[in-house]
Amino acid sequence: MENPKNRKWKVLTSEYLARKPWFTVRHESLELPDGRRIPDYYVFEYPDWINVTAVTRDGRFVLIDQYRHGLGETSYEIPAGVTEPSDASPLEAAQRELMEETGYGGGQWRLLTTLSANPATQNNLTYCYLATGVEPLGEQHLDPTEDLRVHLLTREEVLELLRTDRIRQALMAAPLWRYFGEGNE
């Protein structure tokens with residue numbers, strides 16, 4: 001099936017309202033292809049993100065738990081992060097993040113899917129990788145603001161977390177559901 005024909009909107013004006021490391025937003029006035037206008041539209045700019053569905057040689061999933069202030073709760077997640085300017089590719093960013101957050105690495109890697117958190121208002125993509133046969137290669141190297149724990153979970157435990165909505169982050173639940181939907185063992 002083909003993608004639909006692209007119907008880009010014309011940008012009439014564009015100005016940045018904030019330019020911070022984790023909050024960059026621009027205000028735009030737009031014109032649709034049929035001439036209608038949207039005077040106030042906001043776009044949030046982020047670097048591309050990555051996440052990793054990591055499975056050890058013995059079939060355990062490498063997850064973390066982390067407090068998320070927006071929801072005010074600690075929940076399970078798969079390792080994830082942003083692509084840095086120093087990363088040669090999203091794959092390199094994913095391998096770096098897995099090692100930094102968990103101490104795990106190696107294995108076989110492939111792109112599982114590419115998603116957008118909200119294409120209506122965000123300009124970035126999330127590259128979701130599958131890493132199989134990973135093993136502990138070193139210690140965690142957490143950022144100064146990170147406070148997370150590593151968990152090795154069975155397939156059944158991860159499915160239970162998904163079924164009971166305990167993996168809250170949609171960009172992390174989606175690649176896990178895809179992994180299971182493809183019948184990966």
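So, which exposed residues sit on the face of α2 turned away from its buried side? They're E156 and R163. By exposed I mean over 50% relative accessible area, buried is under 20%, and partly exposed is in between, with a 1.4 Å probe and protein chains only. Quick housekeeping: this is a predicted model, where local features need pLDDT of at least 70, side-chain atom pairs count only at pLDDT 80 or more, and totals for chains, interfaces and linings use all residues. Residues are numbered from 1 along each chain as its sequence is written, and side-chain values use heavy atoms, with hydrogens and water left out.

Helix α2 covers residues 155-163, and its buried residues are V158, L159, L161 and L162. Those four span an arc of only 155 degrees around the axis, so they end up on the same side of α2; the arc is taken from the directions from the helix axis to the C-beta atoms. The background here is that an α-helix has 3.6 residues a turn, so residues three or four places apart point the same way. When I say helices (H or I, at least four residues) and strands (E, at least two), those are DSSP runs, numbered from the N terminus.

What do the buried residues of α2 pack against? That would be β5 (61-68), β6 (73-77), β11 (148-153) and α3 (170-181), with contact meaning heavy atoms within 4.5 Å. Just after α2, D165 has a positive phi of about 60 degrees.

Now the charges. A salt bridge here is a side-chain nitrogen of Lys or Arg within 4 Å of a carboxyl oxygen of Asp or Glu, and by that rule we count 13.

Take E182 first. E182 pairs with R110, with the closest N and O atoms 3.2 Å apart. E182 is in the segment after α3 and R110 is in strand β9 (residues 108-115), so this pair ties together parts 72 residues apart in sequence. E182 is partly exposed at 38% relative accessible area, and R110 is partly exposed too, at 35%. R178 also bridges to E182, at 2.8 Å between the closest N and O atoms, and R178 counts as partly exposed at 38%.

Elsewhere, salt bridges with shared partners link D87, R96, E97 and E100 into one network. Within it, the closest N and O atoms of E97 and R96 are 3.0 Å apart, and both of those residues are buried.
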